[in-house]
Each structure stands twice: as C-alpha cells, then as structure tokens.
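The following note sets out points for a colleague who is reading the model alongside its sequence. Please consult the structure while going through the numbered paragraphs.

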Amino acid sequence: MPARVTFLLGRSGSGKTRRLHRCIKEALDKGRRVVVIVPEQFTFETERQLASELGGLMDIEVYSFSSLAEKTLEGSYLGFLSRQGRRMAVRKTITEQGSKLRIFARVKDRPGFSERLCELFTACKRYEVAPGDLLEGAEKAGEDSLLANKLTELALLYGETESYISGRYMDSEDMFAALIQNLPSSPIAGAEVVIDDFDLLTDQLYHLMAAMTKHAESMYISLRMDPKEGRDAKLFAPKRRAYARLYGAAQENGCDIRVIQLPDGNPKRQTDPALAHLAPTGTAWTMWPIRWTAALPRWPSSTRASTPRISVSL
C-alpha cells in the first residue's frame, strides 16, 4: 500500500524540525517505529536532540541516506570502494587504455587528471548517465569533431572503469542503486519515515525517495523553501524543482498527499516590518544594476597598453 506523504515547506527558522519532532513523538505514542533521515553531518546532532526531547531513542533509528544503504546492504555486498580507491581504479584504466587516447594523450599523465575524471564519472552515475549516453552524444556532435572525440574517449575510460569495479567493489553511487532493490528488507519498510531536508536531489536520490513511498507506512519530507515566491525566488529554485518532482512521484504512486506550508516562525521578523521586508529581499540581486566606466587620460604609447582603462561594476 502506498505511503501517506506529507510535505512541510518553510524558510529557515519556520519550525520545520520542531514540527517533525512532534510528529515523531505522536508516532511513538501510537507504538509505531520511526526512521529519521538527515544529511550526513547532522546525524549525531539529531540523535542528541531526539534523545534529549524524548528521553531516549527507543524505536527510533537515525540515518543519512548513505548510512541507510550501508545498514541495509550490510553483509550482502562486496568491498566498499572509497574515493581514493575509485581514483586508483580510474588511474589503472588510464594506464591500460592510454595507447587508445588521442585527445587526452598529452594530459593523461598529468597530476590531477585522474581525480577530475573520477569526479566526472561520479557525477555521471548520480545523474544516471551511462557510457552509452556519452557515445550517443558523440554521434550527435558530428563525426570527427573535437567534442565527439572527447566524448568517445571519455566513454571508453568510463566504461572500462565501471567494468573493472563491477563484481569487485561497490561505491556510494552503486549502493544507492542496490538500496532501491533491497527496500523491502530495509529499516524503512513499514516504518514512519521522516526526512528532514537533503542537500541536492540527484536522479539517484529522486528514484530512491520515489521507491520509498511504496514501502514506508508514511513519509514526512521537509523542504527549506519559501512557499510564496518573492524577490529571492531564485534562491529556492532547486528546492522548488525537487518538490515538484517528488510531489509528482507521490501522485504517480497513488499516495495520499498532504502539504503543510509553515509561516516564518521568527518572532522578530513577524513584528518588525523592516526585518520582515529584509528576509525575502536581502539575498535578492539589486533591481537596477549600476555600471560605471571611467577612462584614464591618454598615456604615452609605451605605457598605454599596460593601463588602458579602468572599469568598475557595482
């Protein structure tokens, strides 16, 4: 049965976390099991806060998405590949395939090249871009063009690296894919799941959260965004897109959806008109940008090239 999904929307300081903790207490009072998911850097602080507020952590489990994957796949996957290990795998591929490189032949041995490739391949996996997608892009770029040749060589290195890792190791991106397959036996199955914001909704994370709506009893998802569009709307644009995608996934899975929009909870901003105005506009760009350019006096030809003009933009 699809989960009941509740979205909590509000700016920083609007009380999203307090509202979530209240929901956690209500679920515990009903004898339900609760799984809390927060960004990696906040797991310890969240455990401390909940233990202080509730007198313990009975029937509460606190994870990040990564630690949830590690817990679920514990004992069922091959060795975990660290970032340094993945860089070594990329370097191995470069060494073995170096003779086939034309575009990257001059830079393949330079310091930092393997690290940049590692970052690129990690981003590709997070957004579910396969080596075949790079080859497809190369075909569209035109035969023997610089871009086509670059994409072809990147596809070669990416594909060979993944072939070497597959069956031997599992990195954090592979763990997300494996977690989706193992959700029925994960801690979130049949639990009240509370997700207190996240950093960035990659395609991998989107598919994971969409799949969670099929196995959890209910889900509370808080998003740090202003429900009303103001002058700083661009600041919350990524979270608005994330909200739209997750809402659509919950709808598609037949979930019962509720949306709670929390007002600004800062009492000073509520009572002080100046602060209330500054909150949504302080981070917005100046409405009328000012550009000022001043020319220096003409200098002798020997020095003119070095100090031609001064340009200041405010």
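**Notes on the predicted model**

1. The chain contains 13 helices and 10 strands; these are DSSP runs numbered from the N terminus, with helices (H or I) of at least four residues and strands (E) of at least two. This is a predicted model, in which local features need pLDDT of at least 70 and side-chain atom pairs count only at pLDDT 80 or more, while totals for chains, interfaces and linings use all residues. Residues are numbered from 1 along each chain as its sequence is written, and side-chain values use heavy atoms, with hydrogens and water left out.

2. On confidence, the average pLDDT of the chain (the predictor's confidence in each residue, from 0 to 100) is 85, and 83% of the residues score at least 70. The pLDDT is below 50 over residues 310-314, a stretch with 11 contacts in the model beyond near neighbours in sequence; contact means heavy atoms within 4.5 Å.

3. Of the 314 residues, 39% count as buried, that is, under 20% relative accessible area, against over 50% for exposed and in between for partly exposed (1.4 Å probe, protein chains only). The accessible surface comes to about 18500 Å², with 54% belonging to carbon and sulfur atoms; the areas are from the Shrake-Rupley method with a 1.4 Å probe, and for residues only the protein chains shown count as cover. Among contacts between residues at least 6 apart in sequence, 77% join residues at least 24 apart.

4. The largest nonpolar core has 42 residues, of which Phe 65, Ile 195, Phe 198, Met 209, Met 212, Met 219 and Ile 221 touch the most other members. Such a core is a set of buried Ala, Val, Leu, Ile, Met, Phe, Trp, Tyr and Cys residues joined through side-chain atoms within 4.5 Å. The elements that each supply at least two residues of this core include strand E1 (4-10), helix H3 (65-72), strand E7 (218-224) and helix H10 (237-252). With seven residues, H9 gives the most to this core.

5. Which residues does Phe 198 touch, not counting those up to four places away in sequence? They are Pro 39, Phe 65, Leu 205, Met 209, Ile 221, Leu 223, Lys 239, Ala 242 and Leu 246.

6. The model has 24 salt bridges, each defined by a side-chain nitrogen of Lys or Arg within 4 Å of a carboxyl oxygen of Asp or Glu. Arg 33 forms one with Glu 61, the closest N and O atoms being 3.6 Å apart. This pair links distant parts of the chain, 28 residues apart: Arg 33 is in the loop between helix H1 (16-29) and E2, and Glu 61 in strand E3 (residues 60-63). Arg 33 is partly exposed at 30% relative accessibility, as is Glu 61 at 25%.

7. A salt bridge also joins the side chains of Arg 86 and Asp 171 (2.9 Å, N to O). Arg 86 lies in helix H4 (residues 83-97) and Asp 171 in the loop between strand E5 (169-170) and H8, 85 residues apart. Arg 86 is buried at 3% relative accessible area, and Asp 171 is buried at 2%. A network of salt bridges links Arg 86, Lys 125, Glu 162, Asp 171 and Asp 174.
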